Structures are given as structure tokens and as C-alpha cells.
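Visitor: I'd like to learn how to read a few features off a model. Could you walk me through them?

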Amino acid sequence: MTIEVRNLVKKFGSFKALDGVDLKVDNGELLALLGPSGSGKTTLLRIIAGLDWPDSGEVTFNGEDALAQGARERHVGFVFQHYALFRHMTVFENVAFGLRVQPRAIRKDEATIRARVKELLDLVQLDWLADRYPSQLSGGQRQRIALARALAIEPRILLLDEPFGALDAKVRKELRRWLRSLHHEINVTSIFVTHDQEEALEVANRVVVMDKGRIEQIGSPDDVYETPATAFVHGFIGESIELPVQIEAGVIRLGDRPLRLAADGLAPGASRLFVRRHDMLVGPPGSGAFEGAVQHVRNFGPVQRAEVALSGGETIEIDAPRDRELRAGDTIGLEPRRYRIFAGV
Amino acid sequence: MTMQIADSVSLSAPDAKARAHAAAARNNLRTEPRAVRIVIIALAMIFLGVFVVLPLVVVFAQAFSKGILAYLAALADPEALSAIRLTLVVAAISVGLNLVFGLVAAWAIAKFEFPGKTFLITLIDLPFSVSPVISGLVFVLLFGAQGYFGGWLRDHDIQILFAVPGIALATTFVTFPFVARALIPLMQEQGTQEEEAAISLGASGLQTFFRVTLPNIKWGVLYGVLLCNARAMGEFGAVSVVSGHIRGETNTMPLLVEILYNEYQFVAAFAIASLLAMLALITLIAKTVLENHLDEGHDASDH
């Protein structure tokens with residue numbers, strides 16, 4: 001199933017949740033919608049599911065107009081952030097629900113339904129919980145039951161809203177790996193929403209980065225990390241150093257200090273320079289594009305994180321390998337191995 | 001340090017000592033002296049005894065003062081039977097109507113956003129804040145001979161006031177908030193996610209209501225119905241204004257109690273009153289049971 005979204009706009013009062021979103025999802029993809037809260041990612045997901053309606057724009061499934069159908073007809077599996085399991089039903093009945101409410105003409109007989117539910121509970125490895133109630137399950141178990149329930153209707157598309165948001169760190173890591181292998185197994189077109197970049201980069205084939213109701217970048221996890229398209233993406237994904245710089249007459253300045261960096265092809269004016277923390281190479285004073293004084297040093301496993309006051313008036317944090325110990329008070333030179341400059345402030 | 005570890009690992013004996021310490025600590029937390037505690041508890045008990053238990057005992061004592069035969073005879077009186085029948089009919093009508101109204105109102109308030117919602121919530125409480133006598137008078141004003149619809153009703157030969165419809169209307173008005181009030185907070189707390197899940201799984205609106213919404217609120221519904229019924233059967237003020245006190249026709253149980261009492265028929269009055277008191281006791285027990293179920297529901301919803 002391919003999904004196509006064209007020029008989607010959705011307002012809540014005066015707040016623009018979606019501001020002209022275009023997106024194409026290929027058959028069998030596992031796509032992540034990544035963005036801070038309020039970026040419109042959940043709204044986009046709910047519109048695709050039919051739980052919300054856009055003010056304007058188009059949504060098509062395999063070229064067919066999906067907005068002409070209600071949530072009931074779209075055949076979309078939706079996993080809610082807080083699972084929304086039916087609290088008065090057993091796990092078994094939760095998973096069976098989608099099969100039991102089918103119109104009588106196509107409804108399966110009881111034996112078939114039982115076999116199918118059993119199969120799904122096996123798939124999520126929780127068949128031993130069939131007779132429990134949702135309140136008796138752990139967060140990770142609820143999450144997997146919610147997924148089994150959504151899969152029961154053999155959905156054309158699987159949508160997951162912050163699937164790991166309410167879980168603790170360890171369970172979250174396990175479930176991520178599990179979800180990726182499950183997707184590999186069932187291969188249904190899937191979209192999940194997350195605000196956690198690590199989650200998006202680890203699980204998805206493709207990542208859509210959103211901010212303020214707009215799509216900032218669409219690309220593979222490597223693309224969005226290595227070659228961020230906008231200042232927002234660079235700042236949001238990975239740990240970045242952000243410096244306000246001025247570009248005039250082929251020179252990049254930080255405060256009043258010219259930097260020894262090439263300014264070829266850059267538009268003059270106020271800009272922002274982004275460097276990954278671990279891309280700042282430490283050298284002796286006088287070497288490199290920047291110079292600064294070390295303020296604090298803390299060790300984080302294989303790296304030392306140093307707070308450096310740059311001459312030019314900004315304080316940054318860098319991650320340096322521990323082969324050369326830094327000490328507070330040292331004056332050092334810094335050379336960005338890679339950097340990007342985006343116009344504007 | 002090593003000593004402490006060894007201590008906590010070694011078995012039972014220090015364990016018992018620790019428990020004794022804990023018990024002592026708990027006692028110390030109660031700062032009031034023993035005498036003060038006894039006085040406070042005694043005051044509460046005496047107050048409850050005089051104002052709650054004693055009246056209840058008096059009702060039954062008076063009802064049975066001339067023996068059980070007189071008691072049964074009083075209840076078997078045609079007027080008493082008619083009052084009991086009328087009370088049951090009126091309660092059935094008003095509870096039925098309020099169940100439907102309450103469900104619809106709570107559904108609308110909890111699951112949708114619309115202008116005027118706060119106003120509607122306030123309005124639902126109106127019958128609680130208005131004196132029942134005023135509520136009754138409103139219906140006299142609307143349907144009485146001199147009222148707004150009085151002429152039209154007389155022309156079409158429809159009797160509302162001083163008849164069952166008027167009593168049912170007044171009772172329904174007075175008891176309107178119970179079901180809605182029991183359901184609104186419950187449904188607001190539960191939100192709409194389970195309904196959304198049901199619809200995305202292919203359920204129709206009716207299937208969603210009967211398979212998801214209603215089971216989630218069933219204890220709340222029963223709770224509301226119970227309180228609504230208790231008030232409907234016991235309502236005096238509003239019914240007194242619209243009933244006309246026609247003996248054997250428009251007297252409900254509370255009205256009959258008053259009439260019999262005024263006529264010095266104490267056994268008969270208290271016999272009917274004892275039925276109302278029993279209703280109250282049953283309601284109280286059922287309410288406690290339902291509240292336990294409601295608490296369980298809240299726990300289960302605690303995702």
C-alpha cells in the first residue's frame with residue numbers, strides 16, 4: 001500500500017498543526033515521523049488513520065481518495081500512545097475485537113477467530129496472557145497486545161503513535177529491535193511517530209523530520225544525520241554545537257574574530273554554524289579555526305566532555321577522545337572536521 | 001557496616017524485635033492522650049445515635065406499636081396500596097427518562113467539544129439548587145388552568161396537573177442531575193481513546209457504544225440510577241404542589257405519610273414510612289457495593 005499526502009493543512013483554532021505537508025510513503029516501508037512536541041506529527045498520523053480531518057489537502061491510499069472514507073472503512077491498524085486497550089475485556093477479547101465486529105456477511109466463525117487470535121498472541125509472544133485483563137499487564141506487554149489487536153484486522157497500513165513513549169529505557173530498547181524484526185516479518189507499510197531521534201534512526205528505513213507543521217527533511221537515517229538539510233534538523237538530530245556567525249566579504253566572523261574557514265559560495269549576512277561535538281578536533285593553541293580556554297572537563301566512558309570558552313565570546317561543549325587529557329585552564333586550538341553553515345538566525 | 005549487614009541477614013529473632021519497635025513508633029505518632037480520643041469517639045457516636053439511629057428505630061417501633069397484624073392491615077389498605085403503586089409507577093417513569101437524558105447529556109459533555117458546554121454543565125445542576133416546591137410551582141404555572149398551556153390542554157382534554165403525568169414530570173425534573181452527575185466525571189476521565197480504537201478496528205457507532213462505552217460506565221450508570229430512584233420515591237415538595245392530594249389517586253407514599261399523620265393514624269403513617277426507611281437502607285447497602293466496583297474501575301483505568 002502506498003500512501004500519498006498532498007498539501008495537507010490542519011488548524012486548531014489559530015494554531016497551525018499542519019502547514020502544507022507533502023509526503024509519499026512506499027509500499028512496505030517503515031517510516032518514522034520525527035519532531036518535537038507540537039510539530040504536527042501526531043496530527044498527520046491521525047489524519048491518515050481517519051481519526052481527524054484536514055482543513056484542506058489530499059490523502060490517497062494506492063491512488064484512491066482516503067478522505068472519502070471514515071476511519072472504520074480505511075482498514076488501518078492504529079496503536080495508541082497509551083495503548084487504549086479495552087479495560088473490561090481480557091487480552092484475548094481485546095485482540096478478537098476487530099474480528100467480532102465485522103459485518104455478519106464476512107465475519108469468521110468462532111473457531112477461526114480463536115485460531116487467528118492465538119496466532120497473533122504467538123506472534124507477539126504473549127499467548128500465556130490470554131485470560132488476563134489489561135490492568136494486570138506491564139507497559140511493554142500492553143504495548144505488544146495493542147499491536148496484536150491492530151494486526152488482527154489485517155490492516156493495509158500500520159500506524160503507531162509514540163509506540164515506546166510510555167516505557168522505561170530498557171524495555172524500550174528491546175521493543176525497538178523487536179518492532180523492526182516484526183516489520184520485516186509482516187512487511188506491512190508502517191508509520192510511527194516519535195520525538196526520540198535515536199528511536200527514529202535505529203528503527204526506520206526512512207525518517208521524516210517535522211517542525212511547526214512543516215516537513216524539514218525526508219531521508220534515510222544516514223542522510224538526516226550526515227547531511228541535515230536545515231538548521232533545525234542539524235540542531236534537532238545528534239548533539240550539535242551551534243554558533244552565531246557573520247559572513248562578510250568572504251570572511252566568516254565569530255563576534256569580532258575572523259575564523260580560518262573557507263566562506264566560498266556563502267551568502268553574506270548573519271548565519272549559523274553547526275558542528276557535531278565529536279567533530280571538533282583538539283590541537284595546540286594557534287592551530288585550527290577556533291581558539292579557546294578549557295573551563296571544565298568530565299569523563300563519559302570513551303570520551304571527555306569539555307566546556308570551552310571560545311575567543312569571540314561563546315562557550316561550547318566538545319567531545320574529545322581521551323588519548324590527550326584536557327585540563328581546566330588549558331588553552332587549545334579547535335578545528336572542525338566537518339561543519340555546515342545555514343543562512344539566517 | 002559489616003555488623004549491620006550481618007544483623008539484617010541473620011534470621012527471625014531481630015525481625016520480631018524490629019516489628020515491636022515499629023509498633024511502638026506507630027503508637028507514638030498518635031499524640032492525643034487516651035482520654036481525649038475516647039471523648040471524641042464518644043461524641044461522634046452519641047450524635048449519630050441521636051440524630052440517625054434513634055429516628056430509624058422510632059419509625060419501626062411506631063409502625064409495629066399495635067402489633068404486626070395492625071402493621072400488615074395498614075399496608076393492605078386500598079389507599080396505601082394505591083400510593084405504593086403510584087410511587088413505583090412514577091419512579092419507573094422518571095428513572096427511565098433520566099437514564100436516557102443522563103446518558104445523552106454525559107456523552108455529549110464528556111466526548112465532544114461545543115460552545116455552551118460549561119453552561120450546560122451548570123444547567124444540569126439547576127434542580128439541585130432550586131427548592132423542590134418552586135420546581136413544582138413551575139409546572140403549575142406551565143400546565144395549570146391559568147398557566148401557559150392550560151387552555152390548550154383543557155381544549156384537548158389532556159390532564160397533566162393533579163394526575164400521574166404531572167407527578168412524573170415534577171419528579172423527573174427534581175431527579176434529573178443524578179445519572180448525568182454520576183457519569184460525567186467518569187466518562188471525562190476515560191476519554192475517547194477506547195472509542196477511537198474500536199472505530200479504527202471497524203466497529204460501527206452502535207457496536208462501539210454497546211461493546212466499549214457502556215461496559216466501561218455500567219457501574220456508574222447503576223450508581224446514578226440507584227440514587228435517582230431513591231430520590232424519586234422519596235420526593236415530597238415538588239410532588240405535593242402538583243399532585244392535588246386526591247386520595248387513592250394522586251397520593252404518593254411520602255404524601256400519604258403526611259396525610260395519615262395529620263389524621264392521627266400513627267400506625268398507618270409509620271407503616272408506610274417504614275417502607276421508605278427500608279428503601280433507604282437497601283439503597284445505602286447497594287450504594288456501598290457499587291462504590292467498591294467504581295473504585296475498582298478507577299484502578300483498572302490507571303494505565
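Guide: Let's start with Glu154(A), which counts as exposed because 12 C-beta neighbours lie inside 10 Å. The cut-offs, with C-beta atoms placed from the backbone, are 20 or more others within 10 Å for buried, 12 or fewer for exposed, and partly exposed in between. This is a predicted model, where local features need pLDDT of at least 70, side-chain atom pairs count only at 80 or more, and totals for chains, interfaces and linings use all residues. Residues are numbered from 1 along each chain as its sequence is written, with chains lettered from A and ligands numbered from 1 in the order written.

Visitor: Where does Glu154(A) lie?

Guide: In the loop between helix 5 (139-152) and strand 7 (157-161) of chain A. Helices (H or I, at least four residues) and strands (E, at least two) are DSSP runs, numbered from the N terminus.

Visitor: And how do I read phi?

Guide: Most residues other than glycine have a negative phi. Glu154(A), though not a glycine, has a positive phi of about 45°. Asn187(A) isn't a glycine either, and its phi is positive, about 55°. Asn187(A) sits in the loop between helix 6 (169-186) and strand 8 (189-194) of chain A.

Visitor: Is Asn187(A) buried or exposed?

Guide: Exposed, because 12 other C-beta atoms are within 10 Å.
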